[in-house]
Amino acid sequence: MHIPDGFLDISICIITYLVVIIFWALALRKMNKVLSEKHIPLMATLTAMFFAAQMMNYPIIGGTTAHLLGGPILAIALGPYAGLISMTLILFIQALLFGDGGITTLGANVLNMGVVGVFIPYIIFLLSLKIMKGKSGIIVGAFLGGLIGDILSAIFAGFELGLSTLSFPYSIQVAVTAMSIHHFFIGFGEGIVTAIIISTLFKQRPDLLRLPKIAPIGLDLPSIFKDSKGVN
């Protein structure tokens, strides 16, 4: 899903950077208030794990790639703002050191994988926990979050490519179709991996999932993720 330099019109690059800058500002402001020493080892471990996972990809169309995102697990474990910062670090290092993605397209890649690919799975997960109680809500929410988050991220990337009529040779229809079909299958795998890891953490290390989530106001976790004192 990484879009390289030169594949987006400059106007698309600027617009996506402006949108992402707003999310970065909100995320850093929230992290300054909530981030604690308990978050850092988990955030570092997950960031490193999905940095490696994203390096295993295959080409799709016009230089773009398909791969696991990791955004759903980052969002559920840490909160979407922290997931956005982790994903930004991953994409920046990959672009700078490995040429996977680009610097001019970093805003678009972060928007697709660090905003859409993180916030959508988190919201779906919360909705699932409100509809279904107990472990079934966790498994279903984690799976659907991974699946739908991947597909929507790919659709956003397809639109950005298709709208770049000066830089990309394929239409919106071709780009969105190619990206969404490939990432439907990737998303299915991401959903399974997300459900397994989150349900395992909930069973073996619920204390990690009870860390305060670095999330927007109103996107709090339900009581299933709080201890007996009502603390996240």
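## Helices α3 and α7

Helices α3 and α7 run roughly parallel to each other, because their angle of about 30 degrees falls under the 35-degree cut-off. This is a predicted model. Helix α3 spans residues 71–78, and helix α7 spans residues 172–204. Their axes lie 9 Å apart. The crossing of α3 past α7 is right-handed.

On the α3 side, the contact uses G71, P72, I73 and I76. On the α7 side, the partners are E190, V193, T194, I197 and I198. By class, this contact has six nonpolar, two polar and one charged residues.

## Helices α1 and α5

Helix α1 covers residues 10–34, and helix α5 covers residues 106–131. The two pack at an angle of about 50 degrees, with axes 8 Å apart. That angle makes α1 oblique to α5. The crossing of α1 past α5 is left-handed.

From α1, the contact residues are T16, Y17, V19, V20, F23 and W24. They meet L106, G107, A108, V110, L111, V115 and F119 of α5. By class, the contact of α1 with α5 has 11 nonpolar, two polar and no charged residues.

## Salt bridge

The structure contains one salt bridge. It joins the side chains of R205 and D207, at 2.8 Å from N to O.

How accessible are the two partners, R205 and D207? R205 has 40% relative accessibility, so it counts as partly exposed. D207 is also partly exposed, at a relative accessible area of 38%.

Technical notes
Residues numbered from 1 in each chain as written. Predicted model: local features only at pLDDT ≥ 70, side-chain atom pairs only at ≥ 80, totals over all residues. Heavy atoms only, no water. Axes fitted to C-alpha atoms, helices over the stretch in contact; angles between N-to-C directions. Helix = DSSP H or I, 4+ residues; strand = E, 2+ residues; numbered from the N terminus. Parallel < 35°, antiparallel > 145°, perpendicular 65-115°, else oblique. Left-handed = near helix turned anticlockwise from the far one by under 90°. Contact = heavy atoms within 4.5 Å. Nonpolar A, V, L, I, M, F, W, Y, C, P; charged D, E, K, R; others polar. Salt bridge = Lys/Arg side-chain N within 4 Å of Asp/Glu carboxyl O. Buried < 20%, exposed > 50% of the residue type's maximum accessible area, 1.4 Å probe, protein only.
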